[in-house]
Each structure stands twice: as structure tokens, then as C-alpha cells.
Amino acid sequence: MSVEEHVGLLNAVILNSLIVTVVVLIHHEALIRLSSLLAKMRQSHRFRLILAVFGVLIAHTLEVWIFAGAYYFMHHGSGWGELAGNFNGSLLDCAYFSFSTFTTLGYGDIEAFGSLRFLTGIEGLTGLVLITWSASFLFVEMQRYWPTR
């Protein structure tokens, strides 16, 4: 491996680490704020749970768009690799690819090459962990606010 390849790999690791750190911190903050908000609310349990679901969906959407921005930047930058297939290079295509990667759905109509492949792998893992974290959060909130039968 050449020095240039090592530098490219190091840059990819640093960028991926920064993106994961940002989205995990956003998710943590979103769940903390949602939990605090739900505890203060006096509305019905149904309203609180629906608010919690929408809050989690908004957090995930923001996180997906952060990854999409990274794909866009990396695809259009030099030395990062590219996205190819049913892809025209637009931010919207990057968002579509990011949503399917974050949710681990992976249709396969867009493929990553070069250092971009590392970001797709880490996004799939990060998405899986954050979606599971959200599911656990919603389960606890449902136990707290769901009426007993």
C-alpha cells in the first residue's frame, strides 16, 4: 500500500468517525430531550407516545441527511470514490441511498466504490444501533405511559 493510499484510508477513518460521533450525539440529545418533554406533558398517553414516535422519526431523518451530505461531498470530491448505478449525483439521490443504507434495506441499485464503501458499512451499523436504541426508548415510554388493562 502506498503512502497516498494510507493517507486516503486515514482520512476516510477520520471522516467516518466524525460523522458517527455527530449522529450518535444528535440521537442521544434527541432522546434526552424527548424523555424530558414527555415527563412534563399532561396530555393523554396517546398524544405523548405519538409525539415520541414523531420525535424519533425526525431525529433519524436528520441523521440520514447528515450521511447523505457526506456521500454528496465524497462523491463530488476527489480521491473518495464514487456512487454509481441508478444515480445522477444529486443530493436527493444521496439521501435516497443514505435512507436505504441507514435502514440496512440496501436495494442495490446504487453501489459505492473506493473509500465511500467504508462509509456505507459504518452507516448501516450505526443505523442498526440507533434504530434499536429508538425502539428500546419507545418501549420504555410505552410501558411508562400506556394504560394498564
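Contact here means heavy atoms within 4.5 Å, and by that criterion glycine 89 touches Tyr72, His75 and His76, not counting residues up to four places away in sequence. This is a predicted model, in which local features need pLDDT of at least 70 and side-chain atom pairs count only at pLDDT 80 or more, while totals for chains, interfaces and linings use all residues. Residues are numbered from 1 along each chain as its sequence is written, and side-chain values use heavy atoms, with hydrogens and water left out.

**Confidence**

- The protein chain averages a pLDDT (the predictor's confidence in each residue, from 0 to 100) of 92, and 97% of the residues score at least 70.
- Helices (H or I, at least four residues) and strands (E, at least two) are DSSP runs numbered from the N terminus; in the protein chain, confidence is lowest in H1, at a mean of 92, and highest in H3, at 97.

**Nonpolar cores**

- A nonpolar core is a set of buried Ala, Val, Leu, Ile, Met, Phe, Trp, Tyr and Cys residues joined through side-chain atoms within 4.5 Å, where buried means under 20% relative accessible area, exposed over 50% and partly exposed in between (1.4 Å probe, protein chains only).
- The largest such core has 22 residues, and those with the most contacts inside it are Phe67, Tyr71, Leu83 and Leu119.
- At least two residues of this core are supplied by each of helix H1 (3–40), helix H2 (45–76), helix H3 (91–102), strand E2 (110–113) and helix H4 (116–145), with the largest share, six residues, coming from H2.
- Apart from this core lies another, of eight residues, among them Leu34, Leu38, Met41 and Leu138.
- Not counting residues up to four places away in sequence, phenylalanine 67 touches Ile19, Val23, Ser98, Phe102, Leu119, Glu123 and Thr126.

**Aromatic pairs**

- Rings of Phe, Tyr and Trp (its six-membered ring) pair if their centres lie within 6.5 Å, and planes under 30 degrees apart count as stacked, over 60 as edge-to-face and the rest as tilted; the structure holds four aromatic pairs.
- One of them is the tilted pair of phenylalanine 67 and phenylalanine 102, at 6.4 Å centre to centre and with 55 degrees between the planes; this pair links distant parts of the chain, with phenylalanine 67 in helix H2 and phenylalanine 102 in helix H3, 35 residues apart.
- Both phenylalanine 67 and phenylalanine 102 are buried.
- The rings of tyrosine 96 and tyrosine 107 have their centres 6.2 Å apart and their planes at 5 degrees, so this pair is stacked; tyrosine 96 lies in helix H3 and tyrosine 107 in the loop between H3 and E2, eleven residues apart.
- Tyrosine 96, at 32% relative accessibility, counts as partly exposed, whereas tyrosine 107 is exposed, with a relative accessible area of 56%.

- The twelve residues of H3 should span 16 Å at 1.5 Å a residue, which agrees with the 16 Å between its end C-alpha atoms; the expected span is 1.5 Å times one less than the number of residues.
- Buried residues of H3 include Asp93, Cys94, Ala95, Phe97 and Ser98.
- Threonine 104, in the loop between H3 and E2, has a phi near 60 degrees, a positive value in a residue other than glycine.
- Glycine 89 has its place in the loop between strand E1 (82–85) and H3, and glycine 89 is buried, with a relative accessible area of 7%.

- Asparagine 16, found in helix H1, is buried, with a relative accessible area of 9%, and asparagine 16 touches Phe118, Leu119 and Ile122, not counting residues up to four places away in sequence.
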